[in-house]
Number of protein chains: 2
Amino acid sequence: MITINEHYLKLQASYLFSDIAKRVETFQENNPDKEVIKLGIGDVTRALPKASTDAFHAAVDEMATEKGFRGYGPEQGYAFLREAIAENDFASRGAEISPDEIFISDGAKCDTGNIQELFSQDITIAIPDPVYPVYLDTNVMAGRTEEFADGRFKGIVYLDSTKENQFVPALPKEPVDLIYLCFPNNPTGSTITKEELKTWVDYARDNKALILFDAAYEAFVQDDDLPKSIYEIEGAREVAIEFRSFSKSAGFTGTRCAFTVVPKECVAYDKAGNSHSVHTLWNRRHCTKFNGVSYPVQRAAEAVYSEAGKAECKELVEYYMKNAALICETMDSLGYKYDGGKNSPYIWIEGNMDSWEFFDMLLNKAGVVCTPGAGFGKCGNGYIRISAFNSYENVVKAMERIKEALA
Amino acid sequence: MITINEHYLKLQASYLFSDIAKRVETFQENNPDKEVIKLGIGDVTRALPKASTDAFHAAVDEMATEKGFRGYGPEQGYAFLREAIAENDFASRGAEISPDEIFISDGAKCDTGNIQELFSQDITIAIPDPVYPVYLDTNVMAGRTEEFADGRFKGIVYLDSTKENQFVPALPKEPVDLIYLCFPNNPTGSTITKEELKTWVDYARDNKALILFDAAYEAFVQDDDLPKSIYEIEGAREVAIEFRSFSKSAGFTGTRCAFTVVPKECVAYDKAGNSHSVHTLWNRRHCTKFNGVSYPVQRAAEAVYSEAGKAECKELVEYYMKNAALICETMDSLGYKYDGGKNSPYIWIEGNMDSWEFFDMLLNKAGVVCTPGAGFGKCGNGYIRISAFNSYENVVKAMERIKEALA
């Protein structure tokens, strides 16, 4: 008899976005003339950089000829892209990462979801709260949690991110083996300083732990003192894996390209205490279960690092950050407390009421859709996330409506 | 202490293609003037269909404008592609598959590798020998095998595919829960009749087993009586998942698009014997660990089903099948026994000697690279695989050289 992985049954059905959709639908039925403005889902809206679409076209033209055609590429990605990343994203920040430590993939979601396969079943995992649900769900599916009770899975060490700690969690009191961190943070928009990040790297080194650092939003860091990569921190090469994506930095959410950095010094242990290269393990996984990213997509990603591409991506980020500034300004004027919005496209707003109540209020009074913080974890209750990903015109309109409704 | 998934340590390092590369390199050093012709790796060589590159360009143009831009798409794939597949690949063959039973992905390798996650650790798995290594390796990584001894993993039921059974394995004698089948087969090129496939479907129904049917090479089926899909067999919707790919049918090995069919009737059980929808489980996995295929790539795949696209893909298949026919003809003239080559791009040749010896002979005497059958499993020893994926001119040259060398 074919039996299922019963850990899947422990998953909590995520009604977050379907609940949101239903409430929006009901509102729209009752207010057919009202145009709803969506500042909920963290998806970009602006066109791909021209440098990327030019390179995309050129690569498709190559594929249209027998001479230029490319079949299977290297599972880890083409050297042209890995080299451009190493130089522009790491060497330029003083972080020493070699091209063969970079694994190109079709998404940071896939990589952050798949990475846990490399580790044993009985490690102790630390996950922030609130959090991007993939970190947690993929560990539930793998059987690393016990039952769900009172909004949390037993067997997970939750790292509370609250206003008391400015949404940067404190080191865990109990020993943990695998630590998920994300800065600039989704959903709170909070950032971490080099000094704070150093305490995590030191913790990992002292405890033979490993940090999974999700830097998908690094492009939005405006403050030069803040780290964009964990490899700007001394000692991180031995204890950290970093996830990056072209989704938010270059508008690739629908084009699909990302990468994961696994330094060669990075080790994990067998039960007997012998160390093993995590780079070797990830390479084996990548080669066995993945067949590389579409060649034209890799060319489009490479073009992000051309002079024209860099300028266009900078302009994309500035565009969204102008939206974020307007959202912050509006919240200031209304007297709401918030985090994010300065080095992040997300604004995390304290509502002094239940998340869903706050959501309903914005929808019903202003016709604006946000994301209720409770959808990201227990510590998210009382908050909403507003995303800066939309047109400036829509954000202006949304903020005017919110001002009017809540003033 | 961060500990590793020690099952990875059981994996047998695959030296197959690196061994081949080393031998080719040595040959080339000793024979610098000899041009080596590669008929080893199963990778296509001809340009993408024009219908696909036209659609690819048009989609990139959409992404270059704010109006046409697409961000995150549905994880399961766009309806336009799922509908085209349902109509052209299934309805046209009398197989009833609805668009929402089709999950678009970036590769059949990924899907055949990931699907095992849905099932429990202690199922009994049947895997053909010789075989595409991904089926086996992903189960080793998941911990479903014991130690490796005498060329095989304990805990796996191997389905011997030999000349005695025309490379179509017999039903297992012991009960099994999950069965991997691939027809037209990689590496043997063998096909299965509807009657033979029916015995597997019946077995699965009688034993509450599940069949994973890899149909990546269905486009090469020339004989109208042979099944292209397992859903042409009555009862298969309840017990079979099918994997398909645009890699070989439309030359997408470097473009990356594939799909997996999970019918809604397909069930697996919990330990208490309650049935669960495999469609729901796979959908959950897909949504949690995957973010959809690149939008322009999905448009390029959709174009495969246009009138022009169909004609071009037919021509691509015919081109490679002409190569296959020439290889078969040469083997006939030399008196070698083989399977495949009629409804498959692979020709599986019995060498009456060790696989590697046969490989070395072809390389050294004819400058032709093939794949030693032993690399695909114990039953592959004594065989080599020759692939029809190359230019006709190269195949003509290779066959002339082989004729001269071995006559």
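The paragraphs below lead through a predicted model of two chains, from their pairing to selected details of the fold.

The model scores ipTM 0.97 and pTM 0.97, and within chain A the mean pLDDT is 96, with 100% of the residues reaching 70 or more.

Two copies of a chain are related by a rotation about an axis and a shift along it.

The contact between the chains takes 67 residues from chain B and 66 residues from chain A. On the side of chain B that touches chain A, the elements that give two or more residues are helix 2 (50-63), helix 4 (108-114), helix 5 (133-141), strand 11 (267-269), helix 7 (278-289) and helix 8 (295-302) of chain B, and the largest share, 6 residues, comes from helix 2 of chain B. By residue class, that side of chain B divides into 30 nonpolar, 20 polar and 17 charged residues. Of the interface residues of chain B, 99% are also interface residues in chain A, so the copies meet through the same surface.

Within chain A, helix 11 (residues 392-406) has 15 residues and reaches 21 Å from its first C-alpha to its last, close to the 21 Å expected at 1.5 Å a residue. Its residues A:Val395, A:Ala398, A:Met399 and A:Ile402 are buried, and, seen down the axis of helix 11 of chain A, the buried residues fall within an arc of 95°, so they line one face of the helix. What covers the buried residues of helix 11 of chain A includes strand 1 (37-38), helix 9 (307-334), helix 10 (355-366) and strand 15 (368-369) of chain A, whereas the face turned away from the buried side carries the exposed residues A:Glu393, A:Glu400 and A:Glu404.

Two further positions in chain A can be followed through their contacts. Leaving aside neighbours within four places in sequence, A:Phe259 is in contact with A:Ile85, A:Ile102, A:Phe103, A:Ile104, A:Ser105 and A:Arg244. A:Val239, in the loop between strand 8 (210-214) and strand 9 (240-245) of chain A, also counts as buried, with 29 C-beta neighbours inside 10 Å. Among the residues that A:Val239 touches are A:Ala204, A:Leu210, A:Cys266 and A:Val201; A:Val201 is 38 residues away along the chain, yet the C-alpha atoms of A:Val239 and A:Val201 are separated by 6.9 Å.

The backbone also deserves attention in several loops. A cis peptide bond joins A:Asp129 and A:Pro130, with omega about 0°, and A:Pro130 is found in the loop between strand 3 (125-129) and helix 5 (133-141) of chain A. Another cis peptide bond joins A:Phe183 and A:Pro184, with omega about -10°. Phi of A:Arg256 is near 70°, a positive value in a residue other than glycine; A:Arg256 lies in the loop between strand 9 and strand 10 of chain A and is buried, with 30 other C-beta atoms within 10 Å.

Definitions and conventions: Residues are numbered from 1 along each chain as its sequence is written. Chains are lettered from A and ligands numbered from 1 in the order in which they are written. This is a predicted model: local features need pLDDT of at least 70, side-chain atom pairs count only at pLDDT 80 or more; totals for chains, interfaces and linings use all residues. Helices (H or I, at least four residues) and strands (E, at least two) are DSSP runs, numbered from the N terminus. The expected span of a helix is 1.5 Å times one less than its number of residues. A residue is buried if 20 or more other C-beta atoms lie within 10 Å of its own, exposed if 12 or fewer, and partly exposed in between; C-beta atoms are placed from the backbone. The arc is that of the directions from the helix axis to the C-beta atoms. Two residues are in contact if their C-beta atoms, placed from the backbone, lie within 7 Å. Ala, Val, Leu, Ile, Met, Phe, Trp, Tyr, Cys and Pro count as nonpolar, Asp, Glu, Lys and Arg as charged, and the others, Gly among them, as polar. pLDDT is the predictor's confidence in each residue, from 0 to 100.
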